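Have the coordinates open and follow along.

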Amino acid sequence: MTAQSSAAQRAFPARISIVTLGVSDLEHSARFYEALGWRRSTASSPEIVWFRTADSVLGLFPTDELAADAGVPAAGEPSFRGVTLAVNLESPALVDTAMETAVEAGAVVVKAPVPTSWGGYSGYFEDPDGHLWELAHNPFFPFTEDGSLDLP
C-alpha cells in the first residue's frame, strides 16, 4: 500500500453509513418499512424518518427536499435509477419469506425470486416510491456472527 492510498483510506473510509431515499409520502413510506419489521429510530422527526439496519442507517426524506438539499433539480422519477439496494439472506427459503413480507407490506414484485446463473437465489421488489430492492442468497458470501457480510 502506498502512502497516498493509505492517506486516502483514512480520509475516505470504505463504508456506507447512511442511505437516504427520496419519498413522495413520508408517513406512507415509513409505515411500509415498519411493516417489513424494521424499527423506526427515536432520532426520527416529522421531517425525516430513520431506520437502523445491521451496519448502516436508512433515511426517508421527501424527494423535493432531498433534491434541494443536494442542490439538484427534483426532476421526474425515472423508471430505473441505476441503483439497487440489497438484503442478503442466509438461505433461499429466507429470501422467499422476506419477499412475502415485502408484498404483505405493499411492495410490488418486479422479479420473483429464482435461482441465478451465478449459483445464488434472487428476486426484486419496488417500495412505494419505486426504489428497487433485491433479496438474495449468495452462497459465496458468508455472514459474521452479527449478520454482516464477511467479504475478503
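Strand β5 (residues 108-115) is joined to β6 by five bridges, and the two run antiparallel. Strands count as paired here if DSSP finds at least two bridges between them. Helices and strands themselves are DSSP runs (H or I of at least four residues for helices, E of at least two for strands), numbered from the N terminus. Before we go further, please note that this is a predicted model, in which local features need pLDDT of at least 70 and side-chain atom pairs count only at pLDDT 80 or more, while totals for chains, interfaces and linings use all residues. Residues are numbered from 1 along each chain as its sequence is written, and side-chain values use heavy atoms, with hydrogens and water left out.

Back to the strands: Val114 stands opposite Ser122 in β6. The hairpin of β5 and β6 has five residues between the strands, and Gly119 takes a positive phi near 95° there. Next comes the pairing of β6 with β7, which is antiparallel and extends over six bridges. In that pair, Gly123 stands opposite Leu135 in β7. β6 and β7 also form a hairpin with five residues between them, and Gly130 in the turn has a positive phi of about 85°.

## An open sheet of three strands

Which strands form the open sheet, and in what order? Three strands do, in the order β1-β3-β2, with mixed pairing. β1 and β2 stand at the edges with a single partner strand each, so one side of each is left without a neighbour in the sheet. From one strand to the next, the twist averages 20°.

β2 and β3 run antiparallel and are joined by four bridges. Across that pairing, Val49 stands opposite Leu60 in β3. Helix α3 (residues 63-70) packs on the sheet, where it touches β1 and β3, and its direction makes about 100° with that of β3. Contact means heavy atoms within 4.5 Å.

## Helix α2 and its buried side

α2 lies across β1, β2 and β3 and runs at about 155° to β3. Which residues of this helix (residues 26-35) are buried? They are Leu26, Ser29, Ala30, Phe32 and Tyr33. These five cover an arc of only 155° around the axis, which puts them on the same side of α2. The arc is that of the directions from the helix axis to the C-beta atoms. As for accessibility, buried means under 20% relative accessible area, exposed over 50%, and partly exposed in between (1.4 Å probe, protein chains only).

The packing partners of these buried residues are β1 (18-23), β2 (49-52), β3 (57-62), α4 (92-105), β6 (121-126) and β7 (132-137). After α2 comes Gly37, whose phi is positive, near 100°.

Side chains of opposite charge can pair when their charged atoms come close. With a salt bridge defined as a side-chain nitrogen of Lys or Arg within 4 Å of a carboxyl oxygen of Asp or Glu, the count comes to three. Glu27, Arg31, Glu34 and Arg40 are linked in a network of such bridges. Arg31 and Glu27 meet at 3.9 Å, N to O; both lie in helix α2, four residues apart, about one turn of the helix.

Arg40 forms a salt bridge with Glu27, with the closest N and O atoms 3.1 Å apart. Arg40 lies in the loop between α2 and β2 and Glu27 in helix α2, so the pair ties together parts that are 13 residues apart in sequence. Glu34 also forms a salt bridge with Arg40, the closest N and O atoms being 3.0 Å apart.

How accessible are the members of this network? Arg31 is partly exposed at 46% relative accessibility, as are Glu27 at 36%, Glu34 at 31% and Arg40 at 26%. Leaving aside neighbours within four places in sequence, Arg40 is in contact with Glu27, Ala30, Glu34, Val49, Trp50 and Phe51.

How values were computed:
Axes fitted to C-alpha atoms, helices over the stretch in contact; angles between N-to-C directions.
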